[in-house]
Amino acid sequence: MKMNTIIIRYVLKEMFPPFAVNILFFLFVFLLTEILKITDMIVNYKVGLWVVAKLLLFSMPYFLVFILPMSVMMAVLLTFLRMSADNEIIALRAAGIGIYQLLPAVFAFCFLGAALTAVMTIHGQPWGRASLKALTIDIARSNIDIGLKERTFNNAFKGVMLYVNTIDLRKKELIDVFIQDERNLNTMITVVAPLGRMVSDPDRLLFHLRLHNGTIHQVDLKKRSVNTVRFETYDIRLDLKQAMESLPDEPTHEQEMSLSELRSHLKDPPSRDFRYYRRLMEFHRKFAIPVACFALGLLAVPLGVQSKSARKSIGLALGFFLFLFYYLLLSAGMVWGETGAYPPAIGMWLPNIVTGGIGWLLLVRTVRGRPVYIERFLMLFAWMRRK
């Protein structure tokens, strides 16, 4: 019993370094995907480093929800790959310690990963999305042009649709501007101008847009008449305060809701529309993804034991492939569950059942001394990619 405890502690200790390395690596990959946006915000929009750091911090929980289960799987896989390469698995078997006796260490490690993932899904993600929304509003108060994108219809202002073909950040000029103003219910105003300049008043949440050498088309809906006016300069006021007041105080996105809020919305729904199914999927997802740590961790054990020292890359590649397979199953469940084609609970829990079942079958074959045929899996994957 004492020998088993020592071995369990040893295996458990060996999993923590690759787990930490994997988390740092995937977070670094996430940072690389955002580096262009960060550089653009700092250089062109003069957003401070502290604000950018908070934006990244509030975005982290969403990515950690998927990074943590994958890091758990890769940590278990790398640990057993190393033990297999150093012939430690063979030595343990010679001492009468089989693969099943190493599973308590794996499950204990998966439990820690599942607990961290549950914290992210239940508390971290709602906090991150709510904080990100509040910070975005604060940034918009002082940097109206940060929300403007070239060749994109912007409806951030209530009753006003703004389209800009080109934005000159150095001169703070908007080139080829199209505005549709529907704030007056009886009159529809369309403004087209080749040049515009925007001046902000952050204290009153007002933004003044001065257009040059353009045309105004006014349509009187009551009289059914159309007027066209050309102008040299035309000022239009955009009120961000009205847009902010139109935002609901309570969370509307299901990922912003806590467990209690999701339960209250699911208890007596007025109708079983797509919102109901999305909230039901989010409720199950908060528990299904943490449990995925156990399914993926179990799957990693036979892959690590079967891979020889010269075939480490095969086990790692198959690990990435099977996690991608799990994510595709989860994405398919989310898409089909939104329509109510089948119960959302099945869509959220089926990936765990499939990957956990595959892991258990491979583990049984490994314990019985039967090959897993990892190379054949990868040959099939390569053939599918060519097709």
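How many aromatic pairs does the structure hold? In this predicted model, the structure holds 14 aromatic pairs.

A pair of aromatic rings is described by the distance of the centres and the angle of the planes. The values for the two pairs are as follows.

| Pair | Centre to centre | Angle between planes | Class |
|---|---|---|---|
| Phe107 and Phe294 | 6.5 Å | 45° | tilted |
| Phe323 and Tyr326 | 6.2 Å | 35° | tilted |

The pair of Phe107 and Phe294 links distant parts of the chain: Phe107 belongs to helix H4 (residues 103–142) and Phe294 to helix H7, 187 residues apart. Phe107 has a relative accessible area of 33% and is therefore partly exposed. Phe294, at 29% relative accessibility, is also partly exposed.

Phe323 and Tyr326, by contrast, both lie in helix H8 (residues 312–338), where 3 residues, about one turn of the helix, separate them. Phe323 is buried, with a relative accessible area of 10%, and Tyr326 is buried as well, at 3%. The cut-off for a buried residue is under 20% relative accessible area.

Ring pairs also join Phe30, Tyr62, Phe63, Phe66 and Tyr327 into a cluster.

Helix H7, which contains Phe294, comprises 33 residues (274–306). From its first C-alpha to its last, H7 reaches 44 Å, close to the 48 Å expected at 1.5 Å a residue. A kink of about 35° occurs in H7, centred on Arg285. Because 26 of its 33 residues are buried, H7 is largely enclosed by the rest of the structure.

Methods
Residues are numbered from 1 along each chain as its sequence is written. This is a predicted model: local features need pLDDT of at least 70, side-chain atom pairs count only at pLDDT 80 or more; totals for chains, interfaces and linings use all residues. Side-chain values use heavy atoms; hydrogens and water are left out. Helices (H or I, at least four residues) and strands (E, at least two) are DSSP runs, numbered from the N terminus. The expected span of a helix is 1.5 Å times one less than its number of residues. The bend at a residue is the angle between axes fitted to the seven residues ending there and the seven starting there. Buried means under 20% relative accessible area, exposed over 50%, partly exposed in between (1.4 Å probe, protein chains only). Rings of Phe, Tyr and Trp (its six-membered ring) pair if their centres lie within 6.5 Å; planes under 30 degrees apart count as stacked, over 60 as edge-to-face and the rest as tilted.
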